[in-house]
Amino acid sequence: MADPAGFLKYSRRVVQSRPVDERIHDWREVHGAPDDALLHEQAARCMDCGVPFCHVGCPVANLIPDFNDLTHRGRMREALDRLHATNNFPEFTGRLCPAPCESACVLGYNQSPVTIKQIEHAIIEEGFAQGWVVPEPPAQRTGRTVAIVGSGPSGLAAAQQLNRAGHTVTVLERSDRIGGLLRYGIPEFKLEKSILDRRLRILEEEGILFRTGVDVGVDITAEELRAQYDAVCLAGGSTIPRDLGIPGRDLQGIHFAMDYLPQQNRINAGDTIADRTRICAHGQRVVIIGGGDTGADCLGTAIRQGARDIVQIELLPKPPAERDATMPWPTYPMILRTSSAHEEGGRRDWAINTRAFLGEQGRVTGLQCVRVEFGPRDADGRRPMSELEQSEFILEADLVLLAMGFLHPQRSGLLDALGVRLDPRGNVWTDERRMTSVRGVFAAGDMRRGQSLIVWAIAEGRAAAAGIDAFLMEESRLP
């Protein structure tokens with residue numbers, strides 16, 4: 001512990017993002033970078049607790065006090081080694097993770113927590129800048145082959161871990177580019193794709209094979225997949241979106257968020273989208289249904305496309321600004337969170353139920369809404385919802401984006417053909433080793449866990465890799 005009194009000397013300070021009036025006119029990342037003095041100061045706030053609850057809060061169990069201390073001492077190469085010991089892709093989590101570690105930080109009990117995410121981001125970027133992040137191919141191969149179906153963060157983490165164990169790993173992706181939601185779900189202003197490509201080049205140089213445009217279950221049957229590989233990891237994500245089956249749903253101008261967001265990423269990559277299929281917010285009155293991160297991504301995208309007006313609505317009530325008795329430290333608090341997109345424009349509203357979509361000549365023109373309230377929790381923990389009398393109103397809209405989350409993975413095709421068991425929520429069931437009901441077939445990430453955080457996806461990929469390695473070799477030394 002470099003400075004035992006650091007948490008008393010310094011208050012929490014975060015790096016300022018690029019100015020709003022500058023960043024809304026381009027697709028570059030909004031993040032700023034800390035200078036050495038700020039990094040040194042903020043790392044000193046870590047108290048090196050006897051029981052570091054940040055470990056509990058972090059799904060990949062990052063060695064947070066260790067790399068904070070090394071960062072404060074200026075030993076960045078060692079800090080990078082500690083960071084990579086548990087996290088394959090800190091450049092992704094350092095940008096995209098909501099930092100449950102900070103919610104569990106002991107300092108956060110009565111002060112603002114340590115800027116763990118900011119420090120993590122700084123460590124990995126210093127590592128790339130100094131040339132410390134290099135390919136690490138295995139010394140020898142085992143002769144065993146593994147197919148990873150899906151190239152999102154869970155699939156990539158599993159692939160890198162299994163490749164390090166010496167297995168020959170092939171990642172199969174049905175899209176035209178590798179990356180899954182990192183490629184087509186996360187806007188450029190949160191993750192420039194050059195950051196993703198930088199890591200993919202390292203994975204390729206380590207010996208991982210990538211095949212795009214392969215729809216497993218269609219282009220390769222389930223039988224062929226199992227015959228060609230010694231083990232299979234299903235990491236295809238939770239891809240079936242939650243719909244809103246109300247009157248007027250068939251009107252033109254109503255789209256799922258994941259039909260909208262990938263288009264702009266493709267355009268930024270140089271692709272051309274035909275006018276008849278293009279979804280663009282330019283000059284439109286936009287309503288986003290769903291108050292989570294995906295809705296915020298739609299908001300930031302619509303702002304950059306030149307929307308005329310944007311409203312993001314949520315069925316649930318407005319969260320509190322701070323923890324209350326229902327969310328004690330060190331649990332992850334369901335408090336009001338403001339993303340970079342919310343700083344840029346639009347407005348938010350809560351406790352709104354959409355009764356119907358309104359339209360003219362086959363196109364959406366508005367939403368028929370009503371305000372709701374929630375009662376106290378019942379014996380099952382649910383809060384009954386009721387509509388407020390005389391609270392009906394109309395939201396005008398030319399474009400409606402549904403960002404209400406995802407239900408479960410796609411079943412038609414591969415999952416049905418494999419005949420894997422599903423859990424009560426419709427996700428792929430696995431045992432404690434992450435093996436499905438089909439021997440030699442494993443699952444990881446949102447496909448197994450359900451819609452979750454990127455850091456959980458990486459943790460899932462690592463856990464599945466350890467299970468696969470043990471299956472192939474009878475034991476595993478993978479963490």
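Two strands are taken to pair if DSSP finds at least two bridges between them, and helices (H or I, at least four residues) and strands (E, at least two) are DSSP runs numbered from the N terminus. The model shown is predicted, so that local features need pLDDT of at least 70 and side-chain atom pairs count only at pLDDT 80 or more, while totals for chains, interfaces and linings use all residues. Residues are numbered from 1 along each chain as its sequence is written, and side-chain values use heavy atoms, with hydrogens and water left out.

**View A. The open sheet S3-S2-S1-S4-S16.** Five strands in this order make up an open sheet with parallel pairing. Strand S3 (209–212) and strand S16 (441–443) stand at its edges, and because each has a single partner strand, one side of each is left without a neighbour in the sheet.

View B. Strand S1 (residues 145–149) and strand S4 (residues 231–234) run parallel and are joined by four bridges, with Ala 147 standing opposite Val 232 in S4. Helix H10 (residues 153–164) packs on the sheet and touches S1, strand S2 (168–173), S3 and S4 (contact means heavy atoms within 4.5 Å), and its direction makes about 170° with that of S1. Helix H19 (residues 454–473) also packs on the sheet, where it touches S1, S4 and S16, its direction making about 165° with that of S4.

**View C. The open sheet S6-S14-S7-S8-S9.** This open sheet is formed by five strands with parallel pairing. Strand S6 (254–256) and strand S9 (347–349) are the edge strands, each with a single partner strand, so one side of each is left without a neighbour in the sheet. Helix H14 (residues 257–268) lies across S6 and S14 and runs at about 80° to S6.

**View D. Strand S8 and its surroundings.** Four of the five residues of S8 are buried (under 20% relative accessible area, with a 1.4 Å probe and protein chains only), so S8 is largely enclosed by the rest of the structure. Five bridges join S7 to S8 in the parallel sense, and Ile 289 stands opposite Ile 313 in S8.

Methods:
Axes fitted to C-alpha atoms, helices over the stretch in contact; angles between N-to-C directions. Buried < 20%, exposed > 50% of the residue type's maximum accessible area, 1.4 Å probe, protein only.
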